[in-house]
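The structure is shown first.

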Amino acid sequence: MCGIALSINNGLFSEVEDMGHAIKHRGIKHEITQIDDIKAWFSWLPIVNQKAPMQPFTVGKWTVWMNGFISNYKELAEKYGIKLWTDCDTLLLAEFLNKFDLARLNELNGFFAIVAYDNDQVHAFTDRYGVKQLYKYTNGRTTYIASEVKALLKIMPTIKLNRLAVEDWEYSLGVMTDNTIYEGITRVECLPFIHHPTIINIPYEDAKTELIRLLKQSFVRNKATISDGVFLSGGIDSGIIAKWMQPDYSFSMDYLTDLSELNNIKLNSTGIHHTMICNDKLKEQFVQKTIQAIDDLKVGSCYTNFALTELASKFCTVIYSGAGGDELFYGYTHRYNKPINDVINRTGLLVEKYFISHEEYDWRFLKGILVVEDRIGGWHTMETRYPFLDNDLVDFVLSLPKEYRYNKKILREVSGLHEEVVNGRKRGFSNPHFTNKEWTDFALNESCRLYHPI
């Protein structure tokens, strides 16, 4: 977890400093540098090597800044004979670009947002899922890039709302468009990702063996060497992470209603476990803070996520999320029998017709989840890691026949979890204090109040 804020072509140091201060929560060390006509603020949260030098790293013609983690950086160094003078994935990135330019970016695994300068042009891109984000705004001849929208709003206080994006927020919780709600603020592109690879012909037992190997590989790649934890529900995805990765802590939210999964959470618990209870006081304390953190409105109410992350930040720096498991293994069975437009329309406000599959919608919804988790984690100076989004694991699972994956069949059988967890039904989820319509109205009004768009 780090933060990037920079200007290209005639930006002012004062602007970059203002942008940087808006996202300084993303790191514990900060530095501003200038290279040619690039002025860059970097907020650094050291995870891989806490003694590594501050970014940027320069090798040959390439200078790079990176927010995130290249989970296979040691494998790439060994594969291509790259000698690292310090144990650092950003150094690997600089050496990798110096060796291959932009030709082999698809080999980078993990979650990252990268700005790379080759003495001629600035290249900005993110991992293929959009776990990490970079936002861009151009004003005249100057382009600004930042890890969070609030950094750009800091120097563009009169920016207008994007009408179509606002309508999408009010209709689908911001799932159906990639736009932010702010006019002219766009996302840099993700690396290419094929959702529908060729289906392979593999016996079921062989598929289970390979799935176990790839899960273990991902867990090794993503395991932190500093204090770590997992957001734990009573389900399979986070339960597997807890059981197989053995983090130091686990954190859960319990409810005073039938949303409670406490019995299954106990079966999944690992390390030192902390549970919060979602009650009226929790809502009162955390909803305003949540909107301060969430500057890119996506998906539903998430004040419980914010509260749980604040608790986790008191004990660990790296937290694991089970996000991606439902998308890979067809986990949303409770909504697959509904017409897709009924699923998309989360608030009942508008009537629209979309022609996409449930699977495509799932991946769009996941992008929104990832944005929210990045913003909440960054607010608490934490790094969130996603073992189910390891590229090798994803590519293999998506190539399996649908009947292997549906309702998490193959994942359930390799999980090693308690049978009550394995056989538990998938439940839809919503926080108890807001309907989706109430949340969209509240979040939009609060965002306007905070940032004063015209």
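The sections below cover the basis of the model, an open sheet, and a strand with its neighbours.

## Basis

The model is predicted: local features need pLDDT of at least 70, side-chain atom pairs count only at pLDDT 80 or more, and totals for chains, interfaces and linings use all residues. Residues are numbered from 1 along each chain as its sequence is written, and side-chain values use heavy atoms, with hydrogens and water left out.

Helices (H or I, at least four residues) and strands (E, at least two) are DSSP runs, numbered from the N terminus. Two strands pair if DSSP finds at least two bridges between them.

## The open sheet

Six strands form an open sheet with antiparallel pairing, in the order S2-S3-S1-S9-S8-S10. S2 (29-35) and S10 (186-187) are the edge strands; each has a single partner strand, so one side of each has no neighbour in the sheet.

S1 (residues 2-8) and S9 (residues 142-146) are antiparallel and share 4 bridges, with Ser 7 opposite Tyr 144 in S9. Helix H1 (residues 13-22) lies across S1, S2, S3 (38-44) and S9, at about 20 degrees to S3. Such angles run from 0 to 180 degrees between N-to-C directions, with axes fitted to C-alpha atoms, for helices over the stretch in contact (heavy atoms within 4.5 Å).

In S6 (residues 110-117), 8 of 8 residues are buried, meaning under 20% relative accessible area (1.4 Å probe, protein chains only). Gly 110, Phe 112, Ile 114 and Ala 116 lie on one face, and Phe 111, Ala 113, Val 115 and Tyr 117 on the other.

The S6-S7 hairpin has 4 residues between its strands, and Asn 119 in the turn has a positive phi of about 70 degrees.

Technical notes
Buried means under 20% relative accessible area, exposed over 50%, partly exposed in between (1.4 Å probe, protein chains only).
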